[in-house]
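I opened this model to look at how its chains meet and what lies inside. My notes follow in the order I looked things up.

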Protein chains: 2
Amino acid sequence: MKVKVVSRILEANDRIAEENRRRFKEAGVFVANLMGAPGAGKTTLLERTLQALKPYLRIGVIEGDIVGTDDAERIGALGAPVVQINTGGACHLDANMISEVLDELPLNELDMVIIENVGNLVCPAEFKVGEDIKMMVLSVAEGHDKPLKYPLMFQESAALVLNKIDLLPYMNTDINKMRNDSRALNPKLKIFEVSCTKGTGIDSWAQWLNGLRSR
Amino acid sequence: MKVKVVSRILEANDRIAEENRRRFKEAGVFVANLMGAPGAGKTTLLERTLQALKPYLRIGVIEGDIVGTDDAERIGALGAPVVQINTGGACHLDANMISEVLDELPLNELDMVIIENVGNLVCPAEFKVGEDIKMMVLSVAEGHDKPLKYPLMFQESAALVLNKIDLLPYMNTDINKMRNDSRALNPKLKIFEVSCTKGTGIDSWAQWLNGLRSR
């Protein structure tokens, strides 16, 4: 019974996600759904990405948070069009939430929309929102056991950004295990190692993302 | 409609939580529900706590994870009775999951049960499982904006363990803001600053937890 209800919710969600996708496609916008645990560094990666790609792409952002507008303010300060969704209590974005804010973005003027999901390694991976790809950020400070403990998100993502690598010298985290376990779950996963605070590795990450747009 | 369904789920959950609570009380067991984001350091804090309180308390553990038995193996290695719950895909434990494993623990031989919830800063705070208190771990590496972004968990917790303080010299995290925003959300919140890998601050944390048992 429980399973039936859940699968009906997911089916309804997928229908709306397809509608969102059609609207994005009509506007010629590439859409990435950015996921990760609280504090993995999603917003800071977004700031770095917007700065790196400013000469090449017009990027809009949809921010998902339980409450507050901090993230949208950080993104808006960089001059990017941004909409904040407050889920109230929901631990993930769904297609309907995205559908409701689409008119707030100047889609026809944009090349790419990045949707920053609510901080959570579980449910965001289950809900399509109309994206072309999912991608995730994992802080090395979260420890090397995360891929095997939260496998779905690693399986669903096209890219994994391993963030905060500047902290590696001060921790016991085995980044090789992180890489190997992630690739075992998803052999096609692109892995980038970055420090968003120091700026390390951002160039090759941004270059990859830029390349997706022109495919 | 959506709200009605959710509130009915929570009501059913609360009824089962009360039954769990009665069973714990009959056995004279104090129960703490330990929450936090993925990688905050919940299991490492548990290991440290079990070691520190071994002379004083018989503690049993219920481990909640999406998949896998890594955490239960780590706890079992310390000689504590432990049960692993795999939620499949659910991002939090609920009262029914706890109810189903209660017979696996020797409740009458225990003073305390610590339930390690699934790594998630959102939904675990909404679901009672039969605990006396909720408590949470937040890694300083998650950044100082977390209390205001995930307020419910801070409001529901009796104690906040700020973990990984050994990393503070290498980061931009403002621990004063973490403390102040947490206390603004919950003036009664007990705050402990620890490094589970280095062992810093564990004694006063363990002493506080031990003190709860005898209340």
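**Entry 1: the contact between chains.** I started at a salt bridge: the side chains of B:Lys149 and A:Asp71 meet at 2.4 Å, N to O. I took a salt bridge as a side-chain nitrogen of Lys or Arg within 4 Å of a carboxyl oxygen of Asp or Glu. By that rule, four salt bridges cross the interface of chain A and chain B. I also found eight residue pairs in polar contact there, both residues at pLDDT 80 or more. A polar contact is a pair of N or O atoms within 3.5 Å; within protein, one must be able to donate a hydrogen and the other to accept it, and residues adjacent in sequence count only if both atoms are side-chain atoms.

Next I asked which elements of chain A give two or more residues to the side that touches chain B. They are helix 3 (70-76) and helix 5 (146-149). Helix 5 of chain A gives the most, with three residues. Helices (H or I, at least four residues) and strands (E, at least two) are DSSP runs, numbered from the N terminus.

**Entry 2: ground rules.** This is a predicted model: local features need pLDDT of at least 70, side-chain atom pairs count only at pLDDT 80 or more, and totals for chains, interfaces and linings use all residues. Residues are numbered from 1 along each chain as its sequence is written, chains are lettered from A and ligands numbered from 1 in the order written, and side-chain values use heavy atoms, with hydrogens and water left out.

I checked confidence. Chain A averages a pLDDT (the predictor's confidence in each residue, from 0 to 100) of 96, and 96% of its residues score at least 70. The model scores ipTM 0.92 and pTM 0.95.

**Entry 3: interface area.** I counted 35 residues of chain A in contact (heavy atoms within 4.5 Å) with 35 residues of chain B. The buried area is about 2500 Å², 57% of it from carbon and sulfur atoms. That is accessible area (1.4 Å probe) lost on putting the two parts together, summed over both.

**Entry 4: a strand residue.** I looked up A:Asn163, in strand 6 of chain A. Is A:Asn163 buried or exposed? A:Asn163 is buried, with a relative accessible area of 2%. Buried means under 20%, exposed over 50%, partly exposed in between (1.4 Å probe, protein chains only). Its contacts, not counting residues up to four places away in sequence, include A:Ala40, A:Val137 and A:Cys196.
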